[in-house]
Amino acid sequence: MSARTRRLTTAQALVRFLSAQYTERDGVRRRLIAGTWGIFGHGNVAGVGQALVEYADVMPFHQGRNEQSMVHAAVGYARQLNRLSAQAVTTSIGPGATNLVTGAALATINRLPVLLLPGDYFATHSADPLLQQLEHPVEADVSVNDTLRPVSRYFDRITRPEALIPSALQAMRVLADPAETGAVTLALPQDVQAEAYDWPEEFFAERVWSVRRPAPDPVELTAAVEAIRSAERPLIVAGGGVHHSEAEAALKALVEATGIPVASTQAGKGSLRHDHPADLGGIGHTGTAVSDDLARTADLVIGVGTRYTDFTTASGTLFQHPDVRFLNLNVTGFDAHKLAARTLVCDARTGLEQLLEALSGHRVNEDYVAEYRAGKARWDEVVEAAYRAADDSAVPTQTQVLGALDAAVGDDDVVINAAGSLPGDLHKLWRSRSPRQYHLEYGYSCMGYEIPAGIGVQQAAPGTPVWALVGDGTYLMMPTEIVTAVQEGLPLNIVLIQNHGYASIGGLSEETGGERFGTAYRFRAADGTFTGAPLPVDLAANAASLGMDVLRAKTVRELREALAAARASDRPTCVYVETDPAPTAPPAEAWWDVPVAETASREAAVEARERYDRQVADRRRHL
């Protein structure tokens, strides 16, 4: 080996390279790849696995139980650190690799960085077909890893050692780019992983990737200021980009200077504290009454770091002012141009700071301020009513579970959820006290996300109490990472809510003419029908068998006591509660488009279609 090269295997070189990559923003430096999750098989055990043993002193390793959940853990980690640090995930070929697809889609949809390192078939085809190989009759270079292409922001298959150099650099560029980040996949043929090469020493030098804060174009800024000054009823829609940019203080300053109110998406909730006079809570299908009422009459909607999903826009029916226009501040031009908006393509914090300076002296009419503050006060009463339990000895409702948790958590606790009926209840009712407290994955609404994401959050913020809120349906999807929390010594708290079925989809099924078919956990009788008795399944015992301390709560009083005990514990703890299934959350304040059968013989479906036709008539194309 010469002085300017180092002879290593491809896998060893990759691990050494990753250990020397950093991000820097606002003078703060972090490891770009802070650790690696892995499950080993024949596709990575002798390559990446050996390299992780070789360099255990510079690359922390975390053992997972399911490949999808390892990605979720890495995503939770990256989100908690505002995308400035990420983790890698390595798997074998075959099912280990294809299990990554769901997690990769979640990461890319939510614009969160994760590096995927699945094994792949022999590049030399020396063993062909290989165990677990997908043989394609006309495309010999196809492998199951190609399923990761559409859900990755960058993809490459490293078929020669030297090909790793440009590809690894591109992978880091994408992971650190605030506009392009998401899942990045480097597929690694198992023979190439073990092949030695003389690597240039420069490849292993410390490298710092600057996370840019692009400023707005002056022309766009001037147009944006004019649009805001001329609006009578402006409304800010805060999305996840506010958090990723750490723009909460800049948003607060702009709002306090101008009086413009703020409604938030699932990803943007917590951009203002819940008790700020201008914070109106969630917007859209799961939004608050005050947010949605103002959205219907807003003449200018200012989107900050939002993708405008159908839940936010109520499937195109929410923004109903005849002259409504949109101004979108977003780091990606793709999102900034949505809804035919005026654009401000820039970093959220930089853009908000420059808007504040340019809008000096501007303030909305005080009658408008009084209107939305009165609406906020009315909604606060709705929240109190949903949280309040008249009888502490009664079985709690789901909203009362949230009320008990609200009373138990501290300002910096993190509450995690992703799917089912809880996201709607949380978006309407949760009172966020800090920017990172509300952690909802709703870009992909992926069941099974909560527990592994909680592990990632605790790795990113040691000492922070973390609460994974799961219903029985999402718990059954992916409870296995409980074992990982136990192994890693992480005091993860799980609030396991048992209502014996898919409550959210059951309600949607009833609303759309499906009559709750296939959404409950019940015994099947000999004639094929389902009885009313719930299944004799004990999920609390399951959590205990995986190593958690379990606290069973049957009443509101017992629930409060259990939550307090869980927060004080230094062990992984599950609070298990069966809830009163009667819906107690406020109804939806805006529509969501789920197409209903146009023709049907059953009365429930016919009536659902009539309701659907009335709602869809309100949809607008904003051009």
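How far apart are the mean positions of the positive and negative charges of the chain? In this predicted model, in which residues are numbered from 1 along each chain as its sequence is written, local features need pLDDT of at least 70, side-chain atom pairs count only at pLDDT 80 or more, and totals for chains, interfaces and linings use all residues. Side-chain values use heavy atoms, with hydrogens and water left out. The mean positions of the 56 positive and 76 negative charges are 2 Å apart, where Lys and Arg count as positive and Asp and Glu as negative, without His and the chain ends, and where each charge is placed at NZ of Lys, CZ of Arg, CG of Asp or CD of Glu.

The chain holds 24 helices and 25 strands, which are DSSP runs (H or I, at least four residues, for helices; E, at least two, for strands) numbered from the N terminus. Its C-alpha atoms fill a box of roughly 75 × 70 × 55 Å along the principal axes. Of the 623 residues, 56% are buried, a term that stands for under 20% relative accessible area, with exposed being over 50% and partly exposed in between (1.4 Å probe, protein chains only). Among contacts (heavy atoms within 4.5 Å) with a separation of 6 or more, 76% join residues 24 or more positions apart.

Gln498 belongs to strand E21, which spans residues 493-498, and Gln498 is buried because its relative accessible area is 3%. Leaving aside residues up to four places away in sequence, Gln498 touches Asp472, Val537, Leu539, Tyr576, Val577, Glu578 and Thr579.
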